[in-house]
Amino acid sequence: MTTCPFNPAEDGAQMAFDGRMSYGDYLRIDQILDAQAMLTPAHDEMLFIIQHQTSELWMRLALHELDAARRKIAADTPHEAFKMLARIARIFEQLNSAWDVLRTMTPSDYSTFRAGLGQSSGFQSWQYRLIEYAVGNRNLAMLKPHAHRPDLTARLEAELARPSLYDEALRHLARHGLPVPEAVLTRDLRAPWVHDAGVLAAWEIVYRDPQKHWAAYELAEKLVDFEDYFRRWRFNHLTTVERVIGFKRGTGGTSGVAYLRRMLDIQLFPELWALRTTL
Ligand code: HEM
């Protein structure tokens with residue numbers, strides 16, 4: 001038995017990177033690890049920053065996948081979108097598990113740096129709003145916190161001008177002969193979604209005979225799966241917030257827990273939930 005430490009170079013590992021692209025170069029690790037600018041000496045501020053930053057990275061991937069999934073549905077190849085929609089649901093599952101790390105922060109820990117946050121809050125996450133707008137939850141009031149950033153406002157406005165994921169799903173259904181009301185297909189895309197009896201009736205046709213409408217059925221279940229995980233994210237956020245700040249107002253200025261509780265009631269694909277009762 002040898003006591004010498006193993007040298008990976010003997011196994012062919014690349015050990016010299018002068019002038020060649022390394023792991024850190026490719027992934028811009030220096031930039032990423034340089035972005036945790038703590039504003040206070042509080043130990044737990046690092047956890048708080050990294051939890052938000054990693055969430056934003058996962059949201060970036062979710063947006064990337066959402067964009068592609070929508071294009072596939074618009075091109076009437078929904079089966080190619082299923083993998084992306086499944087991945088988005090898994091991203092939210094991952095974000096749901098991440099709350100367990102943040103929950104190790106007590107109210108006492110948070111109070112050591114909360115004042116340093118000023119008015120900043122996840123409420124101002126433009127990627128989160130972009131996800132909401134992309135899937136179909138379009139509330140124009142949420143544009144306002146980004147008015148000082150014309151580049152972000154332009155991105156959010158561009159999203160509002162496009163059919164949402166749900167709009168694309170319904171257009172796809174209509175092209176396959178399902179009776180989606182014309183008013184829904186030509187609706188004002190910027191307007192918030194309003195529950196529609198005709199859309200519910202169209203989904204009911206799909207769910208009453210899944211074999212006949214298999215792709216639409218599978219698409220519907222992928223949407224429900226995503227919303228299920230998204231709801232859990234909202235709920236986990238809410239309980240974490242209550243555990244850490246109780247019923248204090250948020251740094252973003254809202255009532256805090258009461259505001260987040262209200263957001264829990266928002267349904268992304270209401271007809272897909274309603275049909276569970278009506279079927
Ligand atoms: C201890 C940790 C956290 C606390 C106490 C907290 C608190 C709050 C509060 C009170 C709000 C309501 C808006 C306000 O008045 O500020 C809010 C909104 C929000 N937070 Fe957090 N949060 C925490 C962690 C996170 C994390 C890790 C994320 C991940 C990105 C996040 C994302 C969001 C988002 C996206 C909203 C907007 C929700 C909506 O408008 O529906 N929060 N947060």
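Me: At what angle do helices H3 and H4 pack?

Reply: This is a predicted model, where local features need pLDDT of at least 70, side-chain atom pairs count only at pLDDT 80 or more, and totals for chains, interfaces and linings use all residues. Residues are numbered from 1 along each chain as its sequence is written. H3 spans residues 45–74 and H4 spans residues 78–102, with axes (lines fitted to C-alpha atoms over the stretch in contact) 8 Å apart. Between their N-to-C directions, on a scale from 0 to 180 degrees, the angle is about 170°.

Me: How is H3 oriented relative to H4?

Reply: The two helices pack at about 170°. Angles over 145 degrees count as roughly antiparallel, so H3 is, relative to H4, roughly antiparallel.

Me: How many nonpolar residues does the contact of H3 with H4 have?

Reply: Four residues of this contact are polar and four are charged (Asp, Glu, Lys and Arg). The nonpolar ones number 18.

Me: How many helices does the protein have?

Reply: Counting DSSP runs (H or I, at least four residues, for helices; E, at least two, for strands), there are zero strands. The number of helices is 13.

Me: Which element gives the largest share of the shell around the ligand?

Reply: There are 24 residues around the ligand (C-beta atom, placed from the backbone, within 6 Å), and among those that come nearest are Ser 121 and Gly 250. H3, H11 (214–245) and H12 (257–264) each give two or more residues to this shell. The largest share, five residues, comes from H11.

Me: How many charged residues does the shell around the ligand have?

Reply: By class, ten residues of the shell are nonpolar and 14 are polar. The number of charged ones is none.

Note on methods
Angles under 35 degrees count as roughly parallel, over 145 as roughly antiparallel, 65 to 115 as roughly perpendicular and the rest as oblique.
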